[in-house]
Amino acid sequence: MTGILAQTPAPPDHAPTSASRAHGLSLRLTDEQTAAIQGRQQHQRIIAVAGSGKTATLMEQAHALLQDGVPPKRLLVLMYNRSARADFEQRFRSLYPGPLPDVRTFHALGFSIYRTLVRQGHLSAWQGDLLSDRELEPRVWRWLQELATTGEQAQDMQANRRKWVEPAMTFIERVKAGLDSPEQVFEQLNLNLQARPFVRLFEQLESWRRDHRRLTFADMIYDPVRLFSSRPDIAAGFADHLDHVIVDEFQDINACQHALLEAVTGERARVTIVGDPDQTIYEFRGSDPGFMLHHFPARYPDATTRTLSASFRYGPNLASCANRLIRHNRQREPVQTRSAPSTPDTQVVLHETEHEVALIGRLLRDWSAAGELEDVAILHRLWAQAGRLELQLLTEQIPFRLEHGGSVLQRQELQPLLALCQVAGGRLDGATTETRLALWTSLLTQPYPKIQRRLLTNMARALATSELPPYRALMAHLPDKLSYWQQDQLALRADVIRLAEQGTTGASQLLSSWLNQTDYLNSFDDSAFSAQQADEQKETVRGFVAFMREQDRPAAAVSDWLDSLLAERQAHNADPTAGQVCLTSLHKAKGRQWQRVIVPGLNRHFYPYHPEGHLRLPVDEESERRLLYVGITRAVQALHLITPTARSDQSLFVSELGLTAQR
């Protein structure tokens, strides 16, 4: 729990102020917090830095408004998600007797309006439960295949469901975050042209929804807002029913949520928004710092801007570091974070090294020996950066948890490399037909050799049941009608498979042969939907090959060895008392804190993020700086930043942090 409610007991400098006592406030608040509560009858824009106790301020303001006589149903508190709403309600009940204000999420508010619109006959009643991703994804997969622009694309969609469905679902979510057309969103996201079917997919989804009267989670807001946009007369019926509206995490709202808020506030409600434009990091979901920086002041020119600048999370050292970084952004308010006088200082260390993973391993071993692993997080810019570290932690038997789902060893781009190791270890002998089919499919299609998918599928099925050794089986099942170039592509793969069969080749040599013979890394530029996805795949492959090079193991022993590491990890995770390092992303770290935080990869490629290759997208330097700002302000006791030794390879943000490096 962050903020002043986490301070038990409250330090002397955080005792109730004279203002808070004079106004009968229940919590021990700072002068800034007290001023915000005293201004509750005005429109307010409150800029709250990380760990500044904004939730306590919101609760005290809501309580004061109820004490002023505002009816609970005329006081709306909007929280960003359900967990934040539940936390607010639980803490409010524990502190204050009497009724609660009307605490909702944006989606709950939208759903309530949706039901009213159905009763009024403006929207059709939905049928069944909300349309879940689990129910929607198979339909999306089928529609994509129907909308494919070529037969080859349809076959690729059929063979690689996850590759296509996940970005398609993300595209749908992004369109429903605003009022722009799917065509406009496609252009805004700079997607690869092969993703063009996503536009028609969205249109087909909406047509199907209308015909079947189904509703997704996003449609709770999207459908009412679309109606209000075309029928202002209907929207007017939902305005001016509230006296006060308090909105938390305002910097994270998207255009649809902003439009919904505008509809319900009208001219009557006094509006308080709380957030931090410097922590706007969900632009990919439609968030925009401009809503807090420009739209709100323009909508309410008489609004008072206040700040909660004192953080109870981190000490002066980290506060100074964070200020030096974020002051380089122009799209912000000139707010500086400071450490509350009672807050212990935070250690901030900048490490220069060419051996990042080894350095992290050493830090974690030291903390493990001291029994201090239970509150450690490693925050990555891209998920693929965690792959190399995950493998190292497995090797060193350091317990950890991944917050993005499966292990790096489950990543699709590693499957042909793992398949080669299985061939080297003789794993095809005795394997099920299903296992053999998956292995041959990955070897034949990754990278895609520009051969009809139907031919490759038939080959994989035949090879899965063949009793010949892998190399001989492949050569025996080559299709007759192939061009010389296509024959050469399969022959190059066969050469690497024959090398694997020998069983004496080192793993790194075998995997490097595959990369070179198939031009595997460059193939991601053609198959990925975005430059970031291509980079993620390349980084995962490079990290795995580098790991195998360091381990210097024969390819024949790799599969058994990896299985044993995974088994050991499962045994560690079965112990609920064991501390685990948290491996997560900067985006998932928002709203959280850890005693010790490590931010690796502070190089020119990842900070600010520069996608590789011809799919390169424009870099929003300010957005990237905000992302790093959020990451470093998660630390309580210690922050460790890791950058390359060569200054030419370091992130431009390193110099902005103003730190002296350790080597």
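Student: Contact means heavy atoms within 4.5 Å, so which helices do the buried residues of helix 11 pack against?

Tutor: They pack against helix 5 (106–119), helix 8 (161–175), helix 10 (197–212), helix 12 (232–236) and helix 13 (255–265). Helices (H or I, at least four residues) and strands (E, at least two) are DSSP runs, numbered from the N terminus. Buried means under 20% relative accessible area, exposed over 50%, and partly exposed in between, using a 1.4 Å probe and protein chains only.

Student: Where do these values come from?

Tutor: This is a predicted model, where local features need pLDDT of at least 70 and side-chain atom pairs count only at pLDDT 80 or more, while totals for chains, interfaces and linings use all residues. Residues are numbered from 1 along each chain as its sequence is written, and side-chain values use heavy atoms, leaving out hydrogens and water.

Student: Back to helix 11, how many of its residues are buried?

Tutor: Nine of the 12, so helix 11 is largely enclosed by the rest of the structure. Among them are Met220, Tyr222 and Phe228.

Student: What about the sheet, in what order do its six strands come?

Tutor: The order is 3-2-4-5-1-6, in an open sheet with parallel pairing. Two strands pair if DSSP finds at least two bridges between them. Strand 3 (102–105) and strand 6 (304–308) each have a single partner strand, so one side of each has no neighbour in the sheet.

Student: How many bridges join strand 1 to strand 5?

Tutor: Four bridges join strand 1 (residues 44–48) to strand 5 (residues 270–275). For example, isoleucine 47 has glycine 275 in strand 5 as its bridge partner.

Student: New topic! How many salt bridges are there?

Tutor: The count is 38, where a salt bridge is a side-chain nitrogen of Lys or Arg within 4 Å of a carboxyl oxygen of Asp or Glu. One of them pairs arginine 214 with glutamate 135, with the closest N and O atoms 2.9 Å apart. Arginine 214 sits in the loop between helix 10 and helix 11, and glutamate 135 in helix 6 (residues 133–147), 79 residues apart.

Student: Is arginine 214 buried or exposed?

Tutor: Arginine 214 is buried, at 14% relative accessible area, and glutamate 135 is partly exposed at 30%.

Student: What is the partner of glutamate 352?

Tutor: Glutamate 352 forms a salt bridge with arginine 647, the closest N and O atoms being 3.2 Å apart. Glutamate 352 is buried, with a relative accessible area of 6%, whereas arginine 647 is exposed, at 57%.

Technical notes. Contact = heavy atoms within 4.5 Å.
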